[in-house]
Amino acid sequence: MLGKSLPALGVALAIVLAAGAATAADRGDRLDRFRDLATSRLALAQILDTEASADAYREIYAVLDDEIVESLASGGPFASLEFLQDRLDSFADVWGGASLRLVRAGGLLIGAFVLDERSANSVRVYGRLGSEGPALLSAVYREGRPTVWVLPGGRDAALVVAWEGAPSGWGTRPLRVELLRRTGDGMRVAWSSTDVLGDDLHARTWSVRGADVRIRYELRYPGWAPGCEGQTEVEDVYRVTPGAGVSRVARQEHDAWHRELHTAVGRLAAALAAGDEPALVALVPDRVLRGRLPATLRPEPTCEAREGAGGEAVTVAAAADRQPWTLTFRRQGVRWRLTGAVRVLQ
């Protein structure tokens, strides 16, 4: 009996080894294919924004999808997060500009993939597609570098994705934050920061702790100028609640004085242009000073100079008929008043 079973065992072992060799060959072929695409078409795609570039990105993602789906279908160690991440690191090493990171969320595998700093980056969701087995379930494409947080929850937890743009040079960068939830066989964007903060959000800091998303961001208002210190910023906290979506639970303003000051500066310019004497009296109590102000006086988009230990006086640049002025405002109670104006001689 043993003599008859040995040939059968040998045949079975040969089949397993052959299948393993075929799988390894497929993986090697995909890595070679990725290398060819990266060194030829991907390099060109980052220079030229053309339809051919979009085709190159689609082909590259197809290679990555095949690699992940085949590994998941193989099961065992091939489907482990460690093995898959090691494989993707091999692909990323081929193209130095790539970042290919994976996380698990319940029964799903989430990929945060960066191919360049533009719109070719993607968050991809893999899992079982009914009776068909492992498959790509959803893919989201955005500008910026995606970072994924898996929120505490049920078997297939919700995801928070932050898409970070290039830094501005003064500590902020473009940011989009999205909540992805499981729907049927895939995931969809259930909430986006663009819904409440618009699509021109520039954030200084952000974090995800538990179910809370905290974002501190710039406000763009009359008087705001790029790179100036002490300008008004807002910090919001948004909470993800199962079954109830996302809601803002806290808001704090930082350096609110700056926006309040420039509200007063804007009212001054409007009152001068309109000859609104009551408004001018409220903003410039000194009658002699009021009489020296030209009707064409307008603020200039430059950084202010704060004076005094507490910054109780602020000098603002202005101009009238191409002649520069400096305006000094002081806070009196809860309001800002103009207390000095000097025409700068050229």
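I began with Y61, which is buried at a relative accessible area of 2% (buried means under 20%, exposed over 50%, partly exposed in between, with a 1.4 Å probe and protein chains only). The model is predicted: local features need pLDDT of at least 70, side-chain atom pairs count only at pLDDT 80 or more, and totals for chains, interfaces and linings use all residues. Residues are numbered from 1 along each chain as its sequence is written, and side-chain values use heavy atoms, without hydrogens and water.

Ring pairs. I took rings of Phe, Tyr and Trp (its six-membered ring) with centres within 6.5 Å as pairs; planes under 30 degrees apart are stacked, over 60 edge-to-face, the rest tilted. I got 6 aromatic pairs by this rule. F34 and F91 are edge-to-face, 5.2 Å centre to centre with 85° between the planes. F34 is in helix α1 (residues 2-45) and F91 in helix α3 (residues 81-94), so this pair ties together parts 57 residues apart in sequence. Helices here are DSSP runs of H or I, at least four residues, and strands are runs of E, at least two, numbered from the N terminus. F34 is buried at 0% relative accessibility, and F91 is buried with a relative accessible area of 0%.

I then returned to Y61, which stacks with F113 at 6.4 Å centre to centre, 15° between the planes. F113 is also buried, at 0%. Ring pairs link Y61, F113 and Y141 into a cluster.

Charges over rings. I required NZ of Lys or CZ of Arg within 6 Å of the ring centre and within 35 degrees of the ring normal. R220 has its charged end over the ring of W224, 4.0 Å from the centre. For R306 over W257 I noted 4.1 Å.
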